[in-house]
Amino acid sequence: MKLLEDRIREEGRILPGPVLKVSSFLNHQMDPALIMELGREIGRRYADAGVTKILTIESSGIAIAIAAGYAMNVPVLFAKKHRTSNVSGNLYQTMVHSYTHGTDYTVVVERDYLLHGDRVLIVDDFLANGKAVEGLLDLIAQAGAECAGAAVAIEKGFQEGGHALREAGLRVEALATVTQMDENGIVFAGET
Ligand code: 5GP
């Protein structure tokens, strides 16, 4: 998606990790017009996928998920980072390894909101090694729901997550795929 690629090229910063910092329009300060466009594009790509619900993960996926949910007219559920005191039997929970923090954390969703019979689209800001998407797939499986696919704003195609998830049969759509990022700049899929 050219709009997103242009913005990444103009404002993205490469940090060790490697981490692509897009805090000026997506992860900290947010550009509502751009994010609504991302949601519309996700809605267009999954228009015929029978999606009944969007699932994302706290916190950086929420804005894009809302935009997609608005475009698709479906509710948006976010997996909450677990705070030790409030676990109850009413929750599905799973462990996720954080790419940016290097730690494991638990996320939960209330059973009442993820239902057998739901056809769930996973939405997130980044796809790197695929751990966030795997965690959300685990929650969907626990609920006996189906997954229609995963849509991410930015896939780092040089990391293994997208390949592994597609190999496993999941439909994964990225609005921008970075194939290389280093001191020479950022290269997107389809560019030489
Ligand atoms: P994964 O679980 O696929 O390894 O990583 C995806 C998650 O880590 C996303 O939810 C995102 O918040 C974070 N993440 C991974 N790589 C990057 C990156 O390069 N930049 C930013 N800002 N977040 C990232």
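In the predicted model, the side chain of arginine 7 forms a polar contact with the side chain of aspartate 31, at 2.7 Å. Arginine 7 belongs to helix 1, which covers residues 2-11. Its relative accessibility is 18%, so arginine 7 counts as buried, the cut-off for this class being under 20%. Aspartate 31 is one of several contacts of this residue: apart from neighbours within four places in sequence, arginine 7 is in contact with Gly12, Phe25, Asp31 and Leu34.

Arginine 13 is found in strand 1, a strand made of residues 13-15. With a relative accessible area of 48%, arginine 13 is partly exposed; this class lies between the buried limit of 20% and the exposed limit of 50%. When residues up to four places away in sequence are not counted, arginine 13 touches Val19, Leu20 and Lys21. A separation of 42 Å was computed between the C-alpha atoms of arginine 13 and glycine 89, which are 76 residues apart along the chain.

Two peptide bonds in the model were assigned as cis. One runs from glycine 17 to proline 18, and its omega is near 0°. Proline 18 is located in the loop between strand 1 and strand 2. Another cis peptide bond runs from glutamate 58 to serine 59, with omega near -5°. Serine 59 is part of the loop that lies between strand 3 (53-57) and helix 3 (62-72).

The ligand is surrounded by 16 residues, of which the closest are Leu20, Asp124, Ala128, Asn129 and Gly130. At least two residues of this shell come from each of strand 2 (19-21), strand 7 (119-127) and helix 4 (131-143). The most is given by strand 7, with 4 residues. The space that the ligand takes up is the largest pocket.

A polar side-chain atom of asparagine 27 is 2.9 Å from a ligand nitrogen atom. For glycine 130, a backbone N or O atom lies 2.7 Å from an oxygen atom of the ligand. The side chain of lysine 156 has an N or O atom at 2.8 Å from an oxygen atom of the ligand. On its own the ligand has 500 Å² of accessible area, and the protein covers 91% of this area.

The buried residues of helix 3 are Ile64, Ala65, Ala67, Ala68, Gly69 and Met72. These buried residues pack against both helical and strand elements, namely helix 2 (32-45), strand 3, strand 4, strand 7 and strand 8 (146-156). Helix 3 is followed by asparagine 73. The phi angle of asparagine 73 is near 60°, a positive value in a residue other than glycine. Asparagine 73 is placed in the loop between helix 3 and strand 4 (76-81). Its relative accessible area is 70%, and asparagine 73 is therefore exposed, since this class begins over 50%.

Threonine 106 is located in strand 6, which comprises residues 104-110. The residue counts as buried because its relative accessibility is 18%. Leaving out residues up to four places away in sequence, threonine 106 touches Lys80, Lys81, His82, Gln93, Thr94 and Met95.

Alanine 143 and isoleucine 54 are separated by 89 residues in sequence and by 14 Å in space, taken from C-alpha to C-alpha.

Technical notes
Residues numbered from 1 in each chain as written. Predicted model: local features only at pLDDT ≥ 70, side-chain atom pairs only at ≥ 80, totals over all residues. Heavy atoms only, no water. Buried < 20%, exposed > 50% of the residue type's maximum accessible area, 1.4 Å probe, protein only. Polar contact = N/O pair within 3.5 Å; in protein donor to acceptor, adjacent residues only side chain to side chain. Contact = heavy atoms within 4.5 Å. Near = heavy atom within 4 Å. Areas by Shrake-Rupley, 256 points an atom, 1.4 Å probe, with all protein chains shown as cover. 1 Å grid on protein atoms, 1.4 Å probe; cavity = no way out; pocket = protein on both sides within 12 Å on 5 of 7 lines; lining within 4 Å. Sits in = over half its atoms within 2 Å of the grid points.
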